[in-house]
Amino acid sequence: MNLSALISALPPGTLSAPSSANLDFSVTGLTADSRVVEPSNLFFALAGVKTDGARFVQEAISKGAAAIVAASGAGISTDGVAVLRSDDPRLALARMAAAFFGPQPRVMAAVTGTAGKTSVASFLRQIWAHAGEKAAMLGTTGVVAPGRSEYGSLTTPDPVALHRLLAELASEGVTHAAMEASSHGLDQRRLDGVMLSVAGFTNLGRDHMDYHPTMEDYMAAKMRLFDTLLPKGAPAVIFADDPWSEQAVEVAERAGARVLTVGRKGGFLSLKRVEHLRHKQIAEVHLDGRIFEIHVPLAGDFQISNALVAAGMAIATGTGADQAMAALEHLTGASGRLELVGSTGDGAPAYVDYAHKPEAMENVLDAVRPFTTGRIIMVFGCGGDRDRGKRPIMGSIATKLADVVIVTDDNPRTEDPAEIRSEILVAAPGATEIADRAEAIRTAVEMLEAGDTLIVAGKGHEQGQTVGDTVLHFSDHEEIRAALKGVSA
Ligand SMILES: CC(=O)N[C@H]1[C@@H](OP(=O)(O)OP(=O)(O)OC[C@H]2O[C@@H](n3ccc(=O)[nH]c3=O)[C@H](O)[C@@H]2O)O[C@H](CO)[C@@H](O)[C@@H]1O[C@H](C)C(=O)N[C@@H](C)C(=O)N[C@H](CCC(=O)O)C(=O)O
Ligand SMILES: Nc1ncnc2c1ncn2[C@@H]1O[C@H](COP(=O)(O)OP(=O)(O)OP(=O)(O)O)[C@@H](O)[C@H]1O
Ligand SMILES: N[C@H](CCC[C@H](N)C(=O)O)C(=O)O
Ligand SMILES: [Mg+2]
């Protein structure tokens with residue numbers, strides 16, 4: 001694509017080019033990573049968390065970069081290769097990636113919040129598909145679309161990967177796509193080129209305190225979805241029953257969004273009653289004077305909240321209310337979200353759940369308590385190179401709400417695993433420490449008696465254990481199944 005044409009497709013003020021530069025040539029792609037530069041690429045030199053892309057400009061040029069985009073003040077030398085300047089180079093990358101790759105599915109939805117994003121994106125795709133749309137979802141668990149099911153890595157992909165994917169989906173005929181907006185993604189402008197039709201908010205709780213200095217900063221990053229990215233007048237579907245809901249509503253209203261609240265305090269989809277059964281729930285929902293009684297085939301109060309946010313987003317983008325509500329009766333939970341993996345011979349269930357932050361853990365333990373006549377046995381750990389402050393908090397929640405706690409490893413990455421465990425154990429008196437996750441799961445399964453419930457938390461859909469820089473194959477599902485076979489043999 002011609003660079004001059006690409007620049008003129010951008011909103012004014014995105015970039016400035018030196019007046020002397022000849023930009024009338026073709027660029028073959030964009031990247032912010034010097035290691036993957038190909039001839040005639042445009043290289044974005046971005047200041048990051050670990051290093052500064054400006055240090056790799058020479059490497060990018062030696063690999064054939066045709067022009068460089070850098071921050072306005074960055075001092076770089078380029079031996080005559082054109083340098084385009086931007087006050088916000090990450091924003092420039094997002095907008096240029098959008099212009100370079102072109103088409104996006106016609107209806108784009110993004111959901112933010114500390115917990116529930118993957119579930120809402122997955123439910124929204126399922127509702128649209130049920131209503132006959134060609135629909136996709138992309139997020140932590142990967143990409144799901146007609147003919148596609150790909151394992152993911154980031155919750156919100158970087159703009160180049162994101163817009164390449166959206167263009168592919170559009171060319172495959174996908175008209176509706178639901179994506180997750182992580183706070184990292186929002187802060188780093190990964191979604192700033194997406195043309196949103198609707199945005200959603202689930203809740204706010206402690207997470208990523210290694211990246212965001214305060215909860216207010218974390219909330220502000222999430223609110224970029226409403227105050228910066230969502231076009232004026234577009235619907236903002238907000239879960240109404242969270243302590244942060246009111247603030248989210250204020251931000252969205254101030255930004256000119258059409259606010260639709262859902263939940264017990266919801267004005268749009270109003271939850272009047274929920275009856276919890278072990279593996280399903282019956283919810284009464286009011287909408288526009290009509291009453292729907294929905295049988296949702298999922299466990300966990302929080303899944304009703306997620307289902308309502310998803311239904312709200314679907315209805316706000318044109319799905320009929322009857323169709324959306326009917327679709328909720330067929331929902332499948334996202335992989336590893338309070339997922340029943342198996343049961344012992346005398347009926348004690350073993351669940352895999354992705355709770356890896358305090359509120360999520362609390363919700364999951366609360367969700368299974370009413371159906372547990374015996375003990376709740378909880379196996380979990382905390383990731384290395386991530387928020388350290390959550391470790392004792394999770395240790396204390398597990399101790400308070402579960403009856404047996406086994407602390408184990410969960411992606412220690414470059415940290416000392418024993419140190420991570422000890423930071424959890426400080427606040428988990430009486431917990432058992434078993435470093436090896438497979439052994440921890442086996443031990444827990446062997447303990448199960450009639451009436452007990454096992455929750456193995458933290459990894460959900462993940463298929464690896466990251467130790468140092470190495471990812472070793474590991475699946476909570478596989479380990480639980482193997483252990484259950486062992487006890488029934
Ligand atoms: C902390 C963080 O968010 N980092 C993200 C960020 O990297 P960064 O720009 O800070 O990277 P950096 O290593 O400091 O490097 C700076 C620049 O130099 C470049 N570079 C670096 C080395 C080199 O040899 N050549 C080179 O050009 C890098 O490509 C980068 O452009 O921007 C990159 C491109 O978008 C992301 O891939 C990267 O995600 C890393 C891998 C990551 O682990 N992120 C996690 C924490 C994350 O984003 N998680 C969220 C939330 C999860 C959730 O709650 O669901 C997610 O959306 O997944
Ligand atoms: N609405 C909710 N409220 C509280 N906890 C929830 C909610 N939805 C899900 N959870 C809990 O959080 C875990 C992760 O759910 P999900 O993957 O849908 O969230 P997420 O926001 O995508 O998380 P991540 O940021 O890690 O990708 C679940 O396994 C469950 O323990
Ligand atoms: N098992 C996990 C969960 C990671 C969740 C991820 N979304 C993030 O925090 O970046 C870990 O701590 O390694
Ligand atoms: Mg997610």
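**View 1. R386 sits in the loop between strand 18 (376–380) and helix 12 (390–401).** Helices here are DSSP runs of H or I with at least four residues, strands are E runs of at least two, and both are numbered from the N terminus. This is a predicted model, where local features need pLDDT of at least 70 and side-chain atom pairs count only at pLDDT 80 or more, while totals for chains, interfaces and linings use all residues. Residues are numbered from 1 along each chain as its sequence is written, chains are lettered from A and ligands numbered from 1 in the order in which they are written, and side-chain values use heavy atoms, with hydrogens and water left out. Leaving out neighbours within four places in sequence, R386 is in contact (heavy atoms within 4.5 Å) with D210, R391, R413 and E415.

**View 2. Here's ligand 3 with the residues around it.** The group is H208, Y354, H356, G383, R386, D410, N411, R413, G458 and E462, each with a heavy atom within 4 Å of the ligand. By class, that's one nonpolar, five polar and four charged residues. Nonpolar covers Ala, Val, Leu, Ile, Met, Phe, Trp, Tyr, Cys and Pro; charged covers Asp, Glu, Lys and Arg; the others, Gly among them, are polar.

**View 3. Now zoom in on side chains that pair up with ligand 3.** Polar contacts are N or O pairs within 3.5 Å; within protein, one atom must be able to donate a hydrogen and the other to accept it, and residues adjacent in sequence count only if both atoms are side-chain atoms. A polar side-chain atom of N411 is 2.9 Å from an oxygen atom of the ligand, and an N or O atom in the side chain of R413 is also 2.9 Å from a ligand oxygen. For E462, a polar side-chain atom lies 3.2 Å from a ligand nitrogen. Taken alone, ligand 3 exposes 360 Å², and the protein buries 86% of that (Shrake-Rupley method, 1.4 Å probe; for residues, only the protein chains shown count as cover).

**View 4. G458 lies in the loop between strand 21 (453–457) and strand 22 (464–467).** G458 is buried, at 4% relative accessibility. Beyond its neighbours within four places in sequence, G458 touches D353, Y354, A355, H356 and D410.

How values were computed: Buried < 20%, exposed > 50% of the residue type's maximum accessible area, 1.4 Å probe, protein only.
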